[in-house]
Amino acid sequence: MYDYNIANVECQEILPRLSERMEYKEILTPYITKLYKNQYDKNFLIETKCKNKAENFKNCGTNIWLDDMGHITGANFCKQRLCPVCNYRRSTMMWHKIHQIVNSFENNSFLFITLTVRNCKGEELNKTINHLLNSFRRLTNRRTWQHNFIGYVRGLEITYNATADTFHPHIHILVATSENYFKSDYVDIHKLRKWWTESANLDYFVQVNIEKVSDKGKAVAEVAKYAVKMSDILENGISSQRLRATQILASCLNGRRLISTGGEITKRARVLKINLDDDYDSFSARETSKFYQWENGAYYNKKN
């Protein structure tokens, strides 16, 4: 079993953290139920595609098994991209896995890169995400990229601008540099923008960012964070516009690989036997674990 809880978290600490997400999930449940039952856009998430999703969301996290170290050994997670409980679980799991991989590189520096494209309307989001990820693949296939950066972890994030009713898909990348990077192979923001503009075939000025990583933990957290933050979408309340935006986001993220690796990062993960796609719990340890059930806004220890 892989420990995907936050570092040094004991059993009595993980439950309050989960409880915070459960409280927020309960606030979202009527909203999610309404979202899945109504067709806000004929192209996205019609009811026939959402069978049982609302019920699974409602019941998510109500049963939890924890061992004596506070590791989750079982739970009824819904694993939906809009669920704050599952997003918390997934991001902490990813943080620990990626952090272990990154820390195994003792002689390489790391950079944090952000690549963007122009904001788009909802009907263009799926196409824009495809273009973004395909352009990134072309970028990493460039000899100049591979000469300077020996491996990477890539995360996808999408923000929503309610005023303009547009979406901003962008990617965060944590890259391991070559050993000669700061001696002769330095890539500044202008060179990075040129590479990205060519790889993405852009005819407009684009914002990019590149900076040296001083805190690996913080950089890993940025890559491993939620692709979509529901609290940002619902910042000013629920409306048909925001329902449609959430519906579009859920549809466009469905089935996508939100985090990927390449180069030496992928090879090192294999050596360490770390699988970023594996998010299963160790059910074999359930018999010796404590069972907690969510009731009336809190977790209570129950007999198995």
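The model is predicted: local features need pLDDT of at least 70, side-chain atom pairs count only at pLDDT 80 or more, and totals for chains, interfaces and linings use all residues. Residues are numbered from 1 along each chain as its sequence is written, and side-chain values use heavy atoms, with hydrogens and water left out.

Start with the ring pairs. The distance of the centres and the angle of the planes describe a pair of aromatic rings. Rings of Phe, Tyr and Trp (its six-membered ring) pair if their centres lie within 6.5 Å; planes under 30 degrees apart count as stacked, over 60 as edge-to-face and the rest as tilted. The structure holds 11 aromatic pairs. In one of them, F105 and F110 have ring centres 5.9 Å apart and planes at 85 degrees, so this pair is edge-to-face. F105 is buried at 3% relative accessibility. F110 is buried too, with a relative accessible area of 3%. Buried means under 20% relative accessible area, exposed over 50%, partly exposed in between (1.4 Å probe, protein chains only).

Now turn to Y181 and Y186. Which aromatic cluster holds them? They belong to one formed by F136, W145, F149, Y152, Y181, F182 and Y186. Y181 is buried at 1% relative accessibility, whereas Y186 is exposed at 51%.

Finally, the charges. A charge sits over a ring if NZ of Lys or CZ of Arg is within 6 Å of the ring centre and within 35 degrees of the ring normal. K25 lies over the face of F57, 5.8 Å from the ring centre. The charged end of R118 sits over the ring of Y204, at 3.8 Å from its centre.
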